[in-house]
Amino acid sequence: MTHDALSRALNGQRHFSVLEIARLADYLGLDTHWLITGEQDPYRVRLAARHTWGKSSADQEEQDAAIIARVVETYRAAYAAEGVGSTSMRLPADPSELRAMLPSADVRGLSEQVEGALGIDIVRDPGLSTDYSFRIGEHAVILLKSTIYWFRANWSIAHELGHLALGHHVRDRTTAAEEAPADAFAREFLLPEVKVRAVDWRTVDLGELARWVWDAGVSTAALSHRLRHLNLATSKQVQEALKETTPKLMRAHVEQLRNNRVHGDPIWERENATTGRQFPEHLVAALTERVEVGEADPYLLAWVREVPVDDLSWPEPDVDAPLADQETRRGEEDDSHWFDLLEER
């Protein structure tokens, strides 16, 4: 554009063309919807994608991209009329402040706490190769690879919270340089320095170590790295134990994790809570309502619920009433007529 054309457009003496708006948005790194309307696009997606600088294969990246697109499509379909809405609050950049906003210091149910207290959705899918977070409009979503390793899921939640709290979703994609700050956020969120320093790691026995790792919701590798980073002295026994895999340490001391429970396997419960495809209840409810009135694709709801679409197509049969009616008719009519009636129904 010439200086004169730009000046006249900014002063309202001429209109910007669609092409000029698109080029301005691209040059300034701004959203076209915002330039035109003055409001944020309720469906704009800004993604934190670690796989773009990882070692994922092209096939894995393509599969992840397809899943992300399907998740975004689900949100758009569920909230087509009113827009996705916004996260309930601004997240503090200090991990200790963010941790204090959760209703419990216990990492059990961390997903539920993040959703309930922070208004951030957590979605899981077993087909992903890594973890992501994104904003659709102003709503924040953490997208996790389903895994039995609860400690990996906790770290990923903390890492993606770091991206969200540190404002890494301003652009359409985050950069590799923003990974280290997100990891530092996760370390302090899950393994606060004051909490780690409060333990004398030279005297901790293995049962106590297993319980501490369990309560912190982290892996043995994460704790080992944190201890080295803080330059804390540890016993030889603790050093060797932290070289073991997390499941092996937990299984060796499962009685320490039961917390006076008689029944149930606490390890299995945590593993089960982080597997399968999972969506927030409010999203499933909204999508179901739109499918029922014919405004959304039932195949999308079937994918979300991991059921055949035919299971959604018909209401559940009322088995009691027809059977009672059939029994009455059987007493009044002969058997051949009764069987004909059953075939008709």
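This is a predicted model: local features need pLDDT of at least 70, side-chain atom pairs count only at pLDDT 80 or more; totals for chains, interfaces and linings use all residues.
Two packed helices are described by the angle between their axes and the distance between the axes. Helix α6 spans residues 110–118, and helix α7 spans residues 150–165. Their axes come within 10 Å and cross at roughly 25 degrees. Angles under 35 degrees count as roughly parallel, so α6 and α7 are roughly parallel to each other. On the α6 side, the contact involves L110, S111, V114 and L118. These residues meet N154, I157 and L161 in α7. By class, the residues of this contact comprise 5 nonpolar and 2 polar. No charged residue takes part in the contact of α6 with α7.

Charged side chains pair elsewhere. Side chains of opposite charge can pair when their charged atoms come close. Across the whole structure, a search finds 17 salt bridges. One of them joins the side chains of R14 and E20, at 3.3 Å from N to O. R14 is partly exposed, with a relative accessible area of 24%. E20 has a relative accessible area of 17%; buried means under 20%, so E20 is buried.

A salt bridge also links the side chains of R202 and D200, at 3.0 Å from N to O. R202 counts as exposed, at 55% relative accessibility. D200 is partly exposed, with a relative accessible area of 32%.

R290 and E295 form a further salt bridge, and their closest N and O atoms are 2.9 Å apart. R290 counts as buried, at 14% relative accessibility. Finally, a network of salt bridges links D125, R277 and E306.

How values were computed: Residues are numbered from 1 along each chain as its sequence is written. Side-chain values use heavy atoms; hydrogens and water are left out. Axes are lines fitted to C-alpha atoms, for helices over the stretch in contact, and angles run from 0 to 180 degrees between N-to-C directions. Helices (H or I, at least four residues) and strands (E, at least two) are DSSP runs, numbered from the N terminus. Angles under 35 degrees count as roughly parallel, over 145 as roughly antiparallel, 65 to 115 as roughly perpendicular and the rest as oblique. Contact means heavy atoms within 4.5 Å. Ala, Val, Leu, Ile, Met, Phe, Trp, Tyr, Cys and Pro count as nonpolar, Asp, Glu, Lys and Arg as charged, and the others, Gly among them, as polar. A salt bridge is a side-chain nitrogen of Lys or Arg within 4 Å of a carboxyl oxygen of Asp or Glu. Buried means under 20% relative accessible area, exposed over 50%, partly exposed in between (1.4 Å probe, protein chains only).
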